[in-house]
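Let's take a friendly walk through a protein model, one neighbourhood at a time. Have the viewer ready and look up each residue as it is named.

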Amino acid sequence: RSADPPPGVGQRVDLAGYAEADGLGVALVDVTVLAVDSGGPVQPMLTDDVLASGLHDRLVRVRGGLRDIVRRADTLVLSLDVGGVRLPVELDGPEAASFRASPGASLDIVGVLHQTADPVFPRYAAEDSRAFAASSATLLVPLGSDIRVLRAAPFWTSERTGLLAGVLVL
């Protein structure tokens, strides 16, 4: 159930629901939005270290180079190079349909960083969330999130240069 109007990306909300065990964490189910903070949206944290601790399920802004694009049904998965780490970025719905950039472009994207963690000290993992170290991360881009192209991909790619050289040799 949702509030009217529904909350925007990054807005603070009060929720009610039931806690259920979900792997090594807890998930809130049968959620009802009780209130939406009218104080404005939370500002995303700019980061270039997507594996840093304390960023799991946080709203972040990342900037990086687009390496690859894969379309799967209604989802678009971008491979973004952020600080030397390949970060999968998942776009759904209108964002996926309207995305227009080519590999080689520089992007600025706001989303929720979901880190996959490996226990560093498995014995204490259930008691202390600091006993985990992120081993991989995915950026989930909610509807209405901010995606900007900072610099378009260069026109002269290796493929186009090779094609031109082949034509000139003939």
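## Starting at L78

Keep in mind that this is a predicted model. Begin by finding L78 and looking at what surrounds it. Leaving aside neighbours within four places in sequence, L78 is in contact with L66, D68, I69, L87, P88, V89, L91, F99, L107 and I109.

## The nonpolar core

Which residues have the most contacts inside the largest nonpolar core? They are V62, L78, L87, V89, L107, I109 and L139, and the core has 22 residues.

In soluble globular proteins, nonpolar side chains tend to be buried together.

Now move to Q115, which is found in strand β7. Is Q115 buried or exposed? Its relative accessible area is 9%, and buried means under 20%, so Q115 is buried.

What does the side chain of Q115 meet there? One of its polar atoms lies 2.9 Å from the backbone oxygen of V50. The backbone oxygen of A52 is 2.8 Å from a polar atom of the Q115 side chain.

Next, visit the loop between β9 (147–151) and α2 (158–169), where A152 is found. With a relative accessible area of 55%, A152 is exposed, because exposed means over 50%. Now look for A105: A152 and A105 are 47 residues apart in sequence, and their C-alpha atoms are 4.6 Å apart in space.

W156 lies in the loop between β9 and α2 as well. W156 has a relative accessible area of 52%, so it counts as exposed. Together with F155, L164 and L168, W156 forms a nonpolar patch on the surface. The accessible area of these residues together is about 480 Å².

Finish at D30, in strand β2 (residues 25–36). D30 is exposed, because its relative accessibility is 56%. What is the phi of D30? The angle is positive, about 50 degrees, although D30 is not a glycine. For comparison, most residues other than glycine have a negative phi.

Notes:
Residues are numbered from 1 along each chain as its sequence is written. This is a predicted model: local features need pLDDT of at least 70, side-chain atom pairs count only at pLDDT 80 or more; totals for chains, interfaces and linings use all residues. Side-chain values use heavy atoms; hydrogens and water are left out. Helices (H or I, at least four residues) and strands (E, at least two) are DSSP runs, numbered from the N terminus. Buried means under 20% relative accessible area, exposed over 50%, partly exposed in between (1.4 Å probe, protein chains only). Patches are made of residues with over 30% relative accessible area and no salt bridge: like charges are joined within 9 Å, nonpolar side chains (Val, Leu, Ile, Met, Phe, Trp, Tyr) within 5 Å. Accessible areas come from the Shrake-Rupley method with a 1.4 Å probe; for residues, only the protein chains shown count as cover. A salt bridge is a side-chain nitrogen of Lys or Arg within 4 Å of a carboxyl oxygen of Asp or Glu. A nonpolar core is a set of buried Ala, Val, Leu, Ile, Met, Phe, Trp, Tyr and Cys residues joined through side-chain atoms within 4.5 Å. Contact means heavy atoms within 4.5 Å. A polar contact is a pair of N or O atoms within 3.5 Å; within protein, one must be able to donate a hydrogen and the other to accept it, and residues adjacent in sequence count only if both atoms are side-chain atoms.
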